[in-house]
Amino acid sequence: MLCRVGQLRRCAASLGQALNQVAASRQKHTLPDLAYDYGALEPYISAEIMQLHHNKHHATYVNNLNVTEEKYQEALAKGDVTTQVALQAALRFNGGGHINHTIFWTNLSPNGGEPQGELLEAINSDFGSLQKLKEKMSAATVAVQGSGWGWLGYEKDSGRLRIATCANQDPLQGTTGLIPLLGIDVWEHAYYLQYKNVRPDYVKAIWNVINWENVSERLQLAKK
């Protein structure tokens with residue numbers, strides 16, 4: 001009887017380990033495909049920048065996030081709180097980098113366009129006009145010290161659009177509570193090869209390839 005019980009316990013432990021491995025494999029983060037070619041945003045963002053930015057920088061965040069999460073799960077299983085705490089910075093940085101860039105790629109489009117419908121109404125209501133939104137968001141984004149992001153976000157409590165900035169790869173929602181609609185990456189790897197250290201020229205240019213349809217879709221989802 002004891003032998004039978006021991007076998008059942010070993011079987012349950014083995015099955016649990018297998019299930020954990022399956023769950024872990026399903027939770028792996030992957031680099032998202034772009035909906036356009038690397039050169040599609042030229043002349044505003046060069047193909048070389050896009051390829052390096054997506055295939056190297058974003059890929060690094062994804063890989064490091066997966067490694068960090070594996071370490072965190074191990075620490076969690078062992079009850080190792082010290083290691084869990086120590087990994088928080090890497091989770092925030094690489095997790096934020098993955099979240100931010102995944103939004104960023106969809107915010108861009110070679111088709112550009114203009115905001116319409118409910119999004120345009122919200123912009124006019126909260127900023128006065130699209131031009132004023134561009135001016136205010138550009139000024140805030142250019143002024144980011146060091147590396148970071150400029151954001152247009154949705155404040156659920158007030159139902160208003162807000163402009164915010166985040167340092168490094170801090171995610172907008174996790175940092176401010178605002179739901180991200182539109183992000184502008186002002187890490188130097190996003191523009192230096194083309195615009196050198198003239199960040200204002202890059203920020204001015206990027207408005208030509210904003211995917212306003214995607215921003216509008218994000219606003220609709222944020223309101224639900």
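**View 1. H53 and its polar contact with H189.** In this predicted model, the side chains of H53 and H189 are joined by a polar contact of 3.3 Å (a pair of N or O atoms within 3.5 Å; within protein, one must be able to donate a hydrogen and the other to accept it, and residues adjacent in sequence count only if both atoms are side-chain atoms). H53 sits in helix α2, residues 47–78 (helices are DSSP runs of H or I, at least four residues, numbered from the N terminus). With a relative accessible area of 1%, H53 is buried (under 20%, 1.4 Å probe, protein chains only). Beyond four places in sequence, H53 touches H58, H101, F104, W105, D185, H189 and A190 (contact means heavy atoms within 4.5 Å).

**View 2. Helix α5 against helix α10.** The axes of α5 (residues 117–127) and α10 (residues 212–222) come within 9 Å and cross at roughly 85° (axes are lines fitted to C-alpha atoms over the stretch in contact, with angles from 0 to 180 degrees between N-to-C directions). That makes the pair roughly perpendicular (65 to 115 degrees). E118, L119, A122 and I123 of α5 meet W212, V215, S216, L219 and Q220 of α10.

**View 3. Helix α5 against helix α6.** Here the axes of α5 and α6 (residues 130–142) come within 8 Å, crossing at roughly 65°. I123, N124 and F127 of α5 contact L130, K132, L133 and K136 of α6.

**Notes.** Residues are numbered from 1 along each chain as its sequence is written. In this predicted model, local features need pLDDT of at least 70 and side-chain atom pairs count only at pLDDT 80 or more, while totals for chains, interfaces and linings use all residues; side-chain values use heavy atoms, leaving out hydrogens and water.

Note on methods. Helix = DSSP H or I, 4+ residues; strand = E, 2+ residues; numbered from the N terminus. Buried < 20%, exposed > 50% of the residue type's maximum accessible area, 1.4 Å probe, protein only. Parallel < 35°, antiparallel > 145°, perpendicular 65-115°, else oblique.
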